[in-house]
Amino acid sequence: MSADVARRIALGAQGFTDARPATPTRRHLQRVLSRVQLLQIDSVNVAVRAHYMPLFSRLGSYAPSLLDEAAWTHSSRKPRLLVETWAHEASLVPVPDWPLFHSGAKRRGWWQNYQTILDRSPQLVDDVLAAVRELGPIGAGALEKALMGDTGRAKGPWWDWSEVKRICEVLFGVGILTTGTRRSFERLYDLTERVLPAEVLAQRWDPDSGARELVRRSAVALGVATEPDLRDYYRLDPRRSQAAVASLVEEGVLEPVAVEGWRAAAYRHVSAAAPRRVRGRALLCPFDPLIWERARTERIFGFRYRIEIYVPEPKRVHGYYVFPFLLDGRLVGRVDLKADRAAGVLRVQSAWAEPGVDRGRVAVELAGELAHMAEWLGLEEVLVVQKGDLAADLISAVLAG
């Protein structure tokens, strides 16, 4: 298989060959979810929170309430579609998939380092669960206040989290608690048994069958991938992932392929199509599933990408929160974006082109997509700082638009 075909398969699997609807609906949201399988959650809000952006990248301007209702509300008319759990990282996953993440297929989670707290403070664990049952959905701060009073806060060494917060996170990690809803992005804990349907909670997967099903889903999302790619999508245990890939090859679900320029063996999902061409444009947040595995991004697109949030400002190459720009199936540039909500401005703090691209065309298309994003965010204009090798062209394109 040529590298170009592999790239087009990957883009098609992620939904970038689907036309953007004029008015996105719950049905379109479900279509994207059937492609990407999950949405990663991240707290950074410098431009837009990470779970909202992949839908915009694929659907265009949509009402964020569409996702909020799917993830954090439930009614008989509109049942909850998504639930929070640890998947790739903290993620929203389809409700029926929840048991898979508690099957033992995933590699050891960070919260397991703190499970000793459950043994050390059994009475506090019981008190937390009793309080959540009585008061939930409830945030950790309110829960702590209810349990300990205003002066009872006993802080711990990890992220300066209190004992109550850490207990909540361990119970979330093992599946006893989940997010009932969110308020201003604060997680409000509730008992999982009150959030998910009984028939979902009743499902049981052993670690091997759970890993096989999760690898199958990652193969749907990736189209063509190496075993480490498939494993990383859900952060699976390596041994179980490798066994799952072998089993799915034997079943005929995965087809072994050699991709030009790829050192590792690759596998194509038998239903993955190779689009003849990929057209259109999209800005991608750092946690978009198309690009979150940086080695795969470089292998498929020849695009080296690193998030520089934790890099001291003088040492940053491209900026704080950088969005790659996808145009006609290739990553052609990147922009460091900030939503200045007080001023009503989408600020482009730097703009960069990839080597060999038509900068004039890239600037025009990028200006159009930035204007679209600004409108979606309720911002009045796009302002470009004169920084980066694409900045001058982009300024001209924005002014001309």
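This report covers helix packing, nonpolar cores and some backbone features of a predicted model.

Local features need pLDDT of at least 70 and side-chain atom pairs pLDDT 80 or more, while totals for chains, interfaces and linings use all residues. Residues are numbered from 1 along each chain as its sequence is written, and side-chain values use heavy atoms, with hydrogens and water left out.

**Helices α7 and α8**

Helices (H or I, at least four residues) and strands (E, at least two) are DSSP runs, numbered from the N terminus. Helix α7 spans residues 140–148 and helix α8 residues 163–174; their axes come within 9 Å and cross at roughly 125 degrees. That makes α7 oblique to α8. Axes are lines fitted to C-alpha atoms, for helices over the stretch in contact, and angles run from 0 to 180 degrees between N-to-C directions. Angles under 35 degrees count as roughly parallel, over 145 as roughly antiparallel, 65 to 115 as roughly perpendicular and the rest as oblique.

On the α7 side, Ala140, Leu143, Glu144, Leu147 and Met148 take part; they meet Val164, Lys165 and Cys168 of α8. Contact means heavy atoms within 4.5 Å. By class, this contact has six nonpolar, two charged and no polar residues. Here Ala, Val, Leu, Ile, Met, Phe, Trp, Tyr, Cys and Pro count as nonpolar, Asp, Glu, Lys and Arg as charged, and the others, Gly among them, as polar.

**Nonpolar cores**

A nonpolar core is a set of buried Ala, Val, Leu, Ile, Met, Phe, Trp, Tyr and Cys residues joined through side-chain atoms within 4.5 Å. Buried means under 20% relative accessible area, exposed over 50%, partly exposed in between (1.4 Å probe, protein chains only).

The largest core has 86 residues, and Phe323 and Met373 have the most contacts inside it. Helix α15 (residues 359–376) gives the most to this core, with eight residues. Not counting residues up to four places away in sequence, Met373 touches Val48, Met53, Phe56, Leu283, Phe323, Leu337 and Leu346. Another core, of 23 residues, lies apart from the largest one; among its members are Phe16, Ala266, Ile291 and Ile300.

**Buried sites**

Helix α12 (residues 227–234) is largely enclosed by the rest of the structure, because six of its eight residues are buried. These are Glu227, Asp229, Leu230, Asp232, Tyr233 and Tyr234.

Arg235 follows α12 and sits in the loop between α12 and α13 (238–251). Arg235 is buried too, with a relative accessible area of 16%. Leaving out residues up to four places away in sequence, Arg235 touches Ala87, His88, Glu89, Lys106 and Arg107. Its C-alpha atom is separated by 43 Å from that of Ser396, 161 residues apart along the chain.

Ser57 belongs to helix α3 (residues 53–59). Its relative accessibility is 2%, so Ser57 counts as buried. Beyond its neighbours within four places in sequence, Ser57 is in contact with Phe16, Arg20, Ala282, Leu283, Leu284 and Asp288.

**Backbone angles**

Phe185 lies in the loop between β4 (177–183) and β5 (186–191). Elsewhere, a cis peptide bond joins Gly136 and Pro137, with omega about 0 degrees. Pro137 is placed in the loop between α6 (122–135) and α7.
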